[in-house]
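Subject: Structure handover

Hi,

Here is the structure for you to look over. My notes on it follow below.

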Amino acid sequence: MTNRVRTRLLLTLGVTIVAIALFAGFPPTLAKMKQKVHLGLDLRGGTQLVLQVVTDDAIRGETDQTIEGLRQELNKQNIPVRQVVRTQVDTFQAVGVDPSKDGDFRSILNDRFSEWDLVSTAGEVPNTYTVRLKANQEADYRSQAVDQAIQTIRNRVDALGVGEIVIQKHGETQKGEILVQLPDVTDPARVKNVMQSTAQLALKLVDSGPFPTQAAAAQNYGGVVPGNLEVLPSVEKGSSTEGTYYVVQQVAAVSGRDLKGAYTSRDETGHPAVSFNLNADGASRMGTLTEQNIGKMLAIVLDNKIQSAPRINGRISDSGQITGGAGGFSPQAAQDLALVLRSGALPASIKYLDEEVVGPSLGADSIKAGFLAALVALVSVVIFMLFYYRLSGVNATVAMVLNLIVLFGAMAYFGAALTLPGIAGVILTIGVGIDSNVLIFERIREELRAGKTAVSAVATSFSRVFITLVDTHLAALISATFLFLFGTGPVKGFAVTLVIGLVSNMFTAVFVSRTLFEWVLNRKQRVETISI
């Protein structure tokens, strides 16, 4: 045996061992195989959800931030204005701007807030400017909100230990819909709650309260709460303030963006609570705020509900605690709250549009039917190749089996889930692999009929067919890649299987098959023909 053949055989053997170890463990067992080969939602059962991101929330938040930024800039430039209020999700008004400062106001609007258009200067009060977010910018913000929601939901579900999830955009882009597939989830209600929690944390200075009703809170300000304040309910369970209302600053002194970490802890009574740390910038602002407002109350607000409103007794810098009131959080609720705080707040609220449960019994039937089809295809092809190409059919069979081993090994390595369309991809891979062998074998037959020796016929055939195989595989690979990029769910599962199958087929059909021919031909000094 020549060194070339020995090296190629060792390489083939090494790839085979590695592939088997990847999808069946070492030593290989059926239990390890079931553990490593991940089944998709259609085979394993689970829950499929269609969510919609309420992107109006993100636009509303952007508008509020802009209003606050404009207020600060007007104060800084000493430009009097009666009030700046949001009138629609993407529109706000600057009411009663000082006429002598019109030029300065317009200059600030154009230079610092170029994403906004001045659409009107009419209003009940003279010098009232109506400003609206530009359409293209609004579309970008809505798209970014969906992307951010997908990433946040993925972080949260990953932290729960749910594997093989599918989270991706669904349907028309402007609708903001997201498809979530959760295979084999044992507690879908908990997962849904964690996904849906907005978890927008804010620390806001309390202006007055508590009040028994919202009307009583407004009455404290003559019936109308000033634009820079808002009324929020208290949900501190077991406390005398539960169900009451506070009037707080509309703009948070510290927000969830300043969070550095969140973790479960215990409150003063020993009940589960959630503690959090702030980054340097947030800690600096927190320190200044608490130092200047000793004796006042600071509301810890989560999703526009006041969790607690402790009185500031001294300077607080970089940490805080969210308690569950006198009853405390349950251990799981505290864990989930810490998790959603760590993963970041959703940029907008989400709502469920559809929920579909796939039973595991349907998956079992699909697996049985799919593997039966694959087995029938495999056996039929083997019988045909052995009958038509005699001993060379053994070569094709070995290459085909190794192709499947490499395919499943690669899928296990990349964590790709096997779906019902993925089984179709496996069957198609078998067909493509055999087609490659047929091309090579027919070429060898032609070379032998032309009078060449077996060694020369094999070498010439593999060299000339190689380009053809590259062309066909590359074309199929490009198509499968686009299926993977733009497909969803089962279509993507089919594309994954096909891409891996095509790559492994090039290895087995060209490298392994030729190695086997050369190994047979090297066993004798002179071989005039081969069984083909």
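The axes of helix 4 (residues 55-76) and helix 6 (residues 135-159) come within 9 Å of each other and cross at roughly 120°. Axes here are lines fitted to C-alpha atoms, over the stretch in contact for helices, with angles from 0 to 180 degrees between N-to-C directions. Helices (H or I, at least four residues) and strands (E, at least two) are DSSP runs, numbered from the N terminus.

The two helices, helix 4 and helix 6, are therefore oblique to each other. Oblique is what remains once angles under 35 degrees (roughly parallel), over 145 (roughly antiparallel) and 65 to 115 (roughly perpendicular) are taken out.

Contact means heavy atoms within 4.5 Å. Helix 4 brings T55, D56, A58, I59 and E62 to it, and helix 6 brings E138, Y141, R142, A145 and V146.

Now the strands. Strand 4 (residues 91-97) has five of its seven residues buried, so it is largely enclosed by the rest of the structure. Buried means under 20% relative accessible area, with a 1.4 Å probe and protein chains only.

Strand 4 runs antiparallel to strand 3 (residues 81-88), with six bridges between them. A hairpin of two residues links strand 3 to strand 4. Q83 stands opposite V95 in strand 4. Strand 4 also runs antiparallel to strand 6 (residues 129-133), through four bridges. There, A94 is opposite Y129 of strand 6. Pairing requires at least two DSSP bridges.

This is a predicted model: local features need pLDDT of at least 70, side-chain atom pairs count only at pLDDT 80 or more, and totals for chains, interfaces and linings use all residues. Residues are numbered from 1 along each chain as its sequence is written, and side-chain values use heavy atoms, with hydrogens and water left out.

Best wishes

Terms used:
Buried means under 20% relative accessible area, exposed over 50%, partly exposed in between (1.4 Å probe, protein chains only).
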